[in-house]
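Visitor: I am new to protein models, and I would like to learn how to read one feature at a time. Could you guide me through this one?

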Amino acid sequence: MKWDLLTTSQLDTNEIQEIILAASEFAKGKTWKPEEKLFICNLFYEPSTRTKSSFEMAERKLGLEVIPFEVQTSSVLKGETLYDTVKTLEAIGTDAVVIRHDADSYFSELEKGISIPIINAGDGKGHHPTQSLLDLMTIQQEFEKFTGLTITIIGDVLHSRVARSNADALMRLGAKVVFSGPEDWVNLNELPAGCFYKPVDDAIAMADVVMLLRVQHERHDGKILFDKDEYHRKYGLTLERERLMKNGSIILHPAPVNRGVEIADELVESSKSRIFKQMENGVYIRMAVLKRALENRNGGTEYVNADQKWQTSY
């Protein structure tokens with residue numbers, strides 16, 4: 001369904017560019033309001049600061065009514081399934097839901113029976129499409145292109161939904177994607193076609209964008225011994241490795257940042273860092289994604305035509 005956003009792979013490159021363009025217009029101050037009051041609910045089954053707050057900011061900027069939902073005070077604790085929770089919200093008049101869940105592809109169980117837009121705010125180790133789109137927007141702002149760029153993704157690739165979504169989108173947009181980090185956390189046998197692995201120093205030296213990943217402790221089941229200092233020394237963006245970076249290259253990180261682990265504390269707010277720019281862009285991307293979902297639900301399944309059905313206040 002065109003109004004859902006579940007993975008980046010469901011978007012063709014034109015749709016990706018349309019969402020980035022709409023987000024860029026919001027960043028320039030353009031506004032969009034639905035013609036009638038619309039209601040939205042954010043279902044976060046995993047802890048989140050940036051993504052949840054960013055969605056809520058986007059929703060309020062669009063004039064949407066945000067229905068409160070907290071897992072800890074909901075019928076989830078009585079055993080209610082995700083499907084029944086979403087079905088209930090649909091029945092009482094919610095127009096769209098944003099969901100983060102620890103299960104991979106949680107949305108598969110919602111494909112039949114749910115007729116309101118579903119925005120995936122992260123599923124297990126699966127996908128994080130809005131994070132990918134805000135990363136793409138940040139890269140495009142910096143370089144005005146994707147073709148010919150080398151993006152190095154370093155860290156816990158195996159457990160990262162951000163890495164998966166970004167590799168998919170960046171490759172289709174013409175960028176070269178290089179992975180690095182502990183070999184146990186990069187499945188060398190299942191790298192996306194066209195991607196390859198490099199030792200961390202080489203990967204940083206060749207990159208236009210150094211994208212660092214947080215270590216996903218919550219997905220390790222406590223089975224992996226981890227020493228923060230050793231990780232930083234072996235795989236982190238240290239001050240010494242930062243000097244290997246090309247002129248004009250930038251640093252991205254989906255956050256939360258573990259200062260002194262995947263990145264040196266001094267580099268988090270350095271001149272090469274775009275980490276907080278990513279967060280700023282996240283609000284505009286989520287405004288664009290919500291606008292797309294609500295327009296398409298109202299006007300049909302063809303985004304371009306439906307985009308013109310709502311009165312805009314640009």
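Guide: Gladly, and please keep in mind that this is a predicted model. Let us begin with helix α4, residues 129–143, which lies across β5, β8 (209–212) and β9 and runs at about 170° to β9.

Visitor: In what order do the strands of the open sheet of 5 strands come?

Guide: In general, strands of a sheet pair through backbone hydrogen bonds, either parallel or antiparallel. Here the order is β7-β6-β5-β8-β9, and the pairing is parallel. The edge strands, each of which pairs on one side only, are β7 (196–197) and β9 (250–252).

Visitor: Over how many bridges do β5 and β6 pair?

Guide: Strand β5, residues 150–154, and strand β6, residues 176–180, pair in the parallel sense over 5 bridges; as one example, Thr150 has Lys176 in β6 as its bridge partner.

Visitor: Which residues lie nearest the centre of the largest pocket?

Guide: This pocket holds about 480 Å³ of space, and among the 28 residues that line it, Thr51, Arg100, Arg161, Ala255 and Pro256 lie nearest its centre. Helix α9 gives the largest share of that lining, with 5 residues, and the lining as a whole divides into 9 nonpolar, 11 polar and 8 charged residues.

Visitor: How does the lining of the second largest pocket divide?

Guide: The second largest pocket, with about 250 Å³ of space, has a lining of 9 nonpolar, 2 polar and 3 charged residues. The largest share of this lining, 4 residues, comes from α5.

Methods: Residues numbered from 1 in each chain as written. Predicted model: local features only at pLDDT ≥ 70, side-chain atom pairs only at ≥ 80, totals over all residues. Heavy atoms only, no water. Pairing = 2+ DSSP bridges. Helix = DSSP H or I, 4+ residues; strand = E, 2+ residues; numbered from the N terminus. Contact = heavy atoms within 4.5 Å. Axes fitted to C-alpha atoms, helices over the stretch in contact; angles between N-to-C directions. 1 Å grid on protein atoms, 1.4 Å probe; cavity = no way out; pocket = protein on both sides within 12 Å on 5 of 7 lines; lining within 4 Å. Points joined across faces, edges and corners; volume = space filled by probe spheres on them. Nonpolar A, V, L, I, M, F, W, Y, C, P; charged D, E, K, R; others polar.
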